[in-house]
Amino acid sequence: MTTLRQLLRLFATWAITSIGIAPEPPFPRCAHIVSASCSPMDRRQTWAEIRALRADPPGMARNGPRKTVFGAALHQAEDLFRSSEGLGPASRPINIFYGLSQATRALAAAGVPDKTAWQLRGHGITHHKGLDRALSSIRFMQTLDARGAYTTLAGLLGSPTPEEPVLLVDALSALPHSPSGESWKDLVRPLSYRHQPQGMDGAFFVHSKNYFVQTAGWPEPPSSASSDLLSLRRWARKYLEKYFPVLAKAHPLPDEYRTIQHEEGSGVLTLKFESEESLGTNWQREILVRDLGTKYGEYAFIFPRFTGLSQPHHPLLIWWASLWCFSMLSRYEPSRWSSVIDVDSSKDAVGIETLLEDSLDMVPALILRELTRFQ
């Protein structure tokens, strides 16, 4: 005999399928232990789907000069990415960056409505006070060129660009990959997150204004904040206000989930939110939770904001700025770049190697996702 609980579960399955809410993605408890494995498909499949768009481009690239640029730019992007697979870290960032740059031209052709602004001119990004310095001191910022690739892409993604210099290592730390280099291992990491359902034994209907979000990627709290729960909550709230404005209204470590767990240098902590109206179902809460951050491969992350920005950088822009800096170092400071990637002497070398390897999967996957938004 079918019980009421079973009927509710069947209804939940139907509702999730009909409304288009995908099953909850896996949750990396240690948010810094994420690599190319978080890409939902291998790079061959990704490029096959990008190639398929060239015959029938999305958005405003369906015909005319835009279609020509769309196809040619993606052709070059794929060639540059594929050729970089056989290169070492000494020159790999040059090909990867220019592959991303060409893909940005395709995105502009499909998504920029202005009749001339879609034809990009320049990179739209610059370094601050040169590259002849330690990796931890290199900074980047936007230029005032309205048709620059970096700034145009930011407009398409609805993401702010830095008018003030941003440290390259802050950008590297904001990318979910492992392992970190010595220069950015203690900086702010993105928070992976997931909805924490309410109710017992998979209950579907739970009337409450509250919803809970489990987050991972927290640093170890200072000793001054570890003495009591109120101090810990105060520290967590200030951390959110400073780096994660989208979470500023959250209540960290609520009475329902008072503990913070640390595994392999990453803290797992639950946040409590309050909605204006009562939410009757867990899938309603799931929708609110998913809007907090950005899907990154198979996982969902909330990315930190950089100095001078009101909101976080989109992950594709973080890759853009990071790869631009790496390519500039590789081209114009080759001896300095060689020392940075020397695994026998540089504590950043393995982290950079891993990041460059991950970029071959994650950057095309992000490009594909943004291209399909215009369909």
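Which residues of α3 are buried? The buried residues of α3 are Arg-66, Phe-70, Gly-71, Ala-73, Leu-74, Ala-77, Glu-78, Phe-81 and Ser-84, where buried means under 20% relative accessible area, exposed over 50%, and partly exposed in between (1.4 Å probe, protein chains only).

## Basis of the report

This is a predicted model, in which local features need pLDDT of at least 70 and side-chain atom pairs count only at pLDDT 80 or more, while totals for chains, interfaces and linings use all residues. Residues are numbered from 1 along each chain as its sequence is written, and side-chain values use heavy atoms, with hydrogens and water left out.

## Overall composition

The protein contains 11 helices and 10 strands. Helices (H or I, at least four residues) and strands (E, at least two) are DSSP runs, numbered from the N terminus.

Of the 375 residues in the protein, 51% are buried. Among contacts with a separation of 6 or more, 72% join residues 24 or more positions apart; contact means heavy atoms within 4.5 Å.

Helix α3 covers residues 64-84. Its 21 residues should span 30 Å at 1.5 Å a residue, and its end C-alpha atoms are 31 Å apart, which agrees. The expected span is 1.5 Å times one less than the number of residues in the helix. The buried residues of α3 pack against α2 (43-53), α4 and α11.

Helix α7, formed by residues 229-243, has 15 residues and reaches 21 Å from its first C-alpha to its last, close to the 21 Å expected. Its buried residues are Ser-231, Leu-232, Arg-233, Trp-235, Ala-236, Tyr-239 and Leu-240. At the start of α7, the backbone nitrogen of Leu-230 has a side-chain oxygen of Asp-228 within 3.1 Å.

## Packing around helix α11

Helix α9 (residues 315-332) packs with helix α11 (residues 349-372) at an angle of about 135°, with their axes 10 Å apart. That makes α9 oblique to α11. Axes are lines fitted to C-alpha atoms, for helices over the stretch in contact, and angles run from 0 to 180 degrees between N-to-C directions. Angles under 35 degrees count as roughly parallel, over 145 as roughly antiparallel, 65 to 115 as roughly perpendicular and the rest as oblique. On the α9 side, the residues making the contact include Trp-319 and Phe-326, and on the α11 side they include Ser-359 and Met-362.

Helices α4 and α11 pack at an angle of about 0°, and their axes are 11 Å apart. That makes α4 roughly parallel to α11. Residues of α4 including Ile-96, Leu-100 and Leu-107 meet residues of α11, among them Leu-356, Ser-359 and Val-363.

## Individual buried residues

Ser-359 is found in helix α11 and is buried, with a relative accessible area of 0%. Leaving aside its neighbours within four places in sequence, Ser-359 is in contact with Phe-81, Ile-96, Trp-319 and Pro-364. Ser-101 lies in helix α4 (residues 92-111) and counts as buried at 5% relative accessibility. Beyond its neighbours within four places in sequence, Ser-101 is in contact with His-123 and Trp-320.

Lys-272 belongs to strand β8 (residues 266-281). Its relative accessible area is 15%, so Lys-272 is buried. When neighbours within four places in sequence are left aside, Lys-272 is in contact with Asn-210, Tyr-211, Phe-212, Ala-250, His-251, Pro-254 and Glu-256. The C-alpha atoms of Lys-272 and Leu-247 are separated by 9.8 Å, and these residues are 25 residues apart along the chain.

Note on methods
Polar contact = N/O pair within 3.5 Å; in protein donor to acceptor, adjacent residues only side chain to side chain.
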